Amino acid sequence: MQALPGFRDFLPEDCARRNYIFARWRKVARRYGFLEWEGPPLEATELYKRKSGAEIVEQLFNFTDKGEREVALRPELTPTLARVVAAHEREFKKPLKWFSIGQFFRYEKQQRGRLREHFQLNCDIIGENDLAADVELVALSIDILRAFGFTEKDFVVRISDRGFWTDFFRDNKVPAERWDDLLQAIDKSARESREKTAAKMGELADPVFATLKSGGKNTKLEQLVEGLRARGLANFVAIDVGIVRGLAYYTGIVFEVFDRAGNLRAIAGGGRYDNLISQLSDGALSLPSLGFAMGDVVLRELINEIPRAHEAMRKAIASDSKIDIYVVIAKEQRRADALGQIQQLRDRGYRVDYPLTATKVARQFQAAEDLGARVALLYGDEWPQVKVKDMASGEQQLLAHENLITHIEPKLH
Ligand code: HAM
């Protein structure tokens with residue numbers, strides 16, 4: 001039996017890489033004052049039908065549960081966030097700054113950077129209209145990637161404004177009911193043939209292509225860049241009105257993060273969705289909102305491509321996977337004494353390992369080395385003294401067992 005297509009098994013090394021990513025996501029989100037929250041992995045299918053847009057609905061893992069409810073594994077977090085905020089907003093001061101790390105499911109065609117499950121970091125700010133929030137959010141996405149060792153040479157945040165296109169449609173007298181389809185066509189234009197995009201756009205094809213080529217201008221986007229310049233982060237962004245995002249609920253500034261080399265799918269994406277909470281609460285509550293999500297799959301690919309980032313990950317994982325102490329049991333009669341000591345050391349928070357069954361001493365020292373122990377303790381003929389070996393220098397010392405902890409603790413800090 002194998003895992004289903006698009007689903008991953010996480011062997012210990014894969015878990016170590018995943019935890020490395022999660023730790024940096026969490027650390028930088030907290031640096032920005034974001035609080036962690038979580039939603040359920042299963043939601044009513046209706047939530048996505050109403051809120052995410054056609055593309056995501058086609059990709060749902062959905063079924064009828066035993067209570068005849070139409071349910072779906074979550075493909076994204078934003079509709080859940082809007083639902084939760086609509087229900088609990090009075091309990092919190094605005095703006096809310098919330099982040100979450102979780103697994104998401106989309107029935108996509110498996111390809112490089114796209115699987116049927118992936119993990120996302122979501123960061124959202126709820127209840128703030130000012131552009132300062134957009135600047136803060138883009139800065140956060142940049143700083144998260146910087147925490148992996150990436151520089152402005154490795155990735156770029158492409159920023160855009162859906163308002164640019166809605167103004168364009170208005171100027172060109174396009175009826176509002178066509179706007180969504182046109183935005184979808186612009187979103188796909190970088191990945192589809194010119195003919196296919198042109199067919200969807202009809203008479204607007206030429207002016208849209210001309211605008212995409214010339215780049216377009218927008219004061220809001222220029223202010224956003226200035227806000228990042230004040231932080232020394234302007235080199236990480238580029239204005240690109242070709243970015244409109246596939247999801248239906250975005251209303252204003254949107255952005256996507258790409259590798260500079262252009263080899264990979266988007267690493268992250270997000271933007272403003274000022275009407276979503278109002279739509280979900282049937283107009284009872286309206287809160288301006290913005291956020292982004294970063295996926296683990298493309299991020300891992302980029303880490304593998306950039307030697308600096310890869311080396312930083314390798315080092316961090318190597319040092320995190322080491323144990324502190326290996327207890328060598330040279331004489332089985334000493335096992336009980338050794339176990340008493342092991343218990344005490346583990347209670348003090350040290351990572352301690354030892355052989356579960358009688359094992360040759362040379363093999364035990366080999367295990368100590370393989371596991372990266374800094375100190376080995378040998379329980380044998382010397383009892384009630386214990387031999388302490390510093391694994392790096394090879395230096396050995398005999399110590400009375402009751403003095404052991406005071407002696408080895410300084411070596412382990
Ligand atoms: P999204 O662009 O659909 O946005 O997904 C965000 C990121 O998740 C993508 O840039 C990509 O790295 C990753 N991702 C998405 N689908 C897959 C997949 N099938 N396999 C691997 N990685 C994937 C959203 O989900 C929005 N809800 C983000 C947001 C939060 N907007 C506001 N707040």
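Predicted model: local features only at pLDDT ≥ 70, side-chain atom pairs only at ≥ 80, totals over all residues.
The structure has 20 aromatic pairs. Take Phe 255 and Phe 292: their ring centres sit 6.0 Å apart with the planes at 55°, so this pair is tilted. Phe 255 belongs to strand 9 (residues 253-259) and Phe 292 to strand 11 (residues 289-295), so the pair ties together parts that are 37 residues apart in sequence. Phe 255 is buried, at 2% relative accessibility, and Phe 292 is buried too, with a relative accessible area of 2%. Elsewhere, ring pairs join Phe 164, Trp 165, Phe 168, Phe 169 and Trp 179 into a cluster. Some rings also carry a charge over the face. Arg 116 lies over the face of Tyr 107, 3.8 Å from the ring centre, and Arg 194 does likewise with Phe 209, at 3.9 Å.

Trp 179, from the ring cluster, also turns up in helix 7 (residues 179-188), where the buried residues are Trp 179, Leu 182, Leu 183, Ala 185, Ile 186 and Asp 187. Their cover includes helix 6 (162-171), helix 8 (194-201) and helix 9 (205-214). Lys 188 is in helix 7 as well, but at 21% relative accessibility this lysine counts as partly exposed. Setting aside neighbours within four places in sequence, Lys 188 is in contact with Glu 55 and Lys 200. Val 244 is 56 residues away from Lys 188 in sequence, with 9.1 Å between the two C-alpha atoms.

Helix 1 (residues 12-31) packs against helix 13 (residues 307-321) at an angle of about 105°, with the axes 10 Å apart. The two helices are therefore roughly perpendicular to each other. On the helix 1 side the contact involves Ala 16, Arg 17, Tyr 20 and Arg 24, and these meet Ala 309, Ala 312, Met 313, Ala 316 and Ile 317 of helix 13. Sorted by class, that contact comes to seven nonpolar residues, two charged ones and no polar ones.

Leu 73 sits in strand 4 (residues 70-73) and is partly exposed, at 23% relative accessibility. Not counting residues up to four places away in sequence, Leu 73 touches Pro 41, Leu 42, Leu 60, Phe 61 and Phe 105. Ala 266, on the other hand, is 193 residues from Leu 73 in sequence and 22 Å away in space, C-alpha to C-alpha.

Most residues other than glycine have a negative phi, and most peptide bonds are trans. Against that background, a cis peptide bond joins Lys 94 and Pro 95, with omega at about -10°. Pro 95 is in the loop between helix 4 (78-88) and strand 5 (96-105). Another cis bond links Trp 383 to Pro 384, with omega at about 10°, and Pro 384 falls in the loop between strand 14 (375-379) and strand 15 (385-390). As for phi, Glu 68 has a positive value near 65° without being a glycine. Glu 68 lies in the loop between strand 3 (62-64) and strand 4, and is exposed at 65% relative accessibility. Lys 173, also not a glycine, has a positive phi of about 55°. This lysine is in the loop between helix 6 and helix 7 and is exposed, with a relative accessible area of 71%.

Technical notes. Residues numbered from 1 in each chain as written. Heavy atoms only, no water. Phe/Tyr/Trp six-rings, centres within 6.5 Å; stacked < 30°, edge-to-face > 60°. Helix = DSSP H or I, 4+ residues; strand = E, 2+ residues; numbered from the N terminus. Buried < 20%, exposed > 50% of the residue type's maximum accessible area, 1.4 Å probe, protein only. Lys NZ or Arg CZ within 6 Å of the ring centre and 35° of its normal. Contact = heavy atoms within 4.5 Å. Axes fitted to C-alpha atoms, helices over the stretch in contact; angles between N-to-C directions. Parallel < 35°, antiparallel > 145°, perpendicular 65-115°, else oblique. Nonpolar A, V, L, I, M, F, W, Y, C, P; charged D, E, K, R; others polar.
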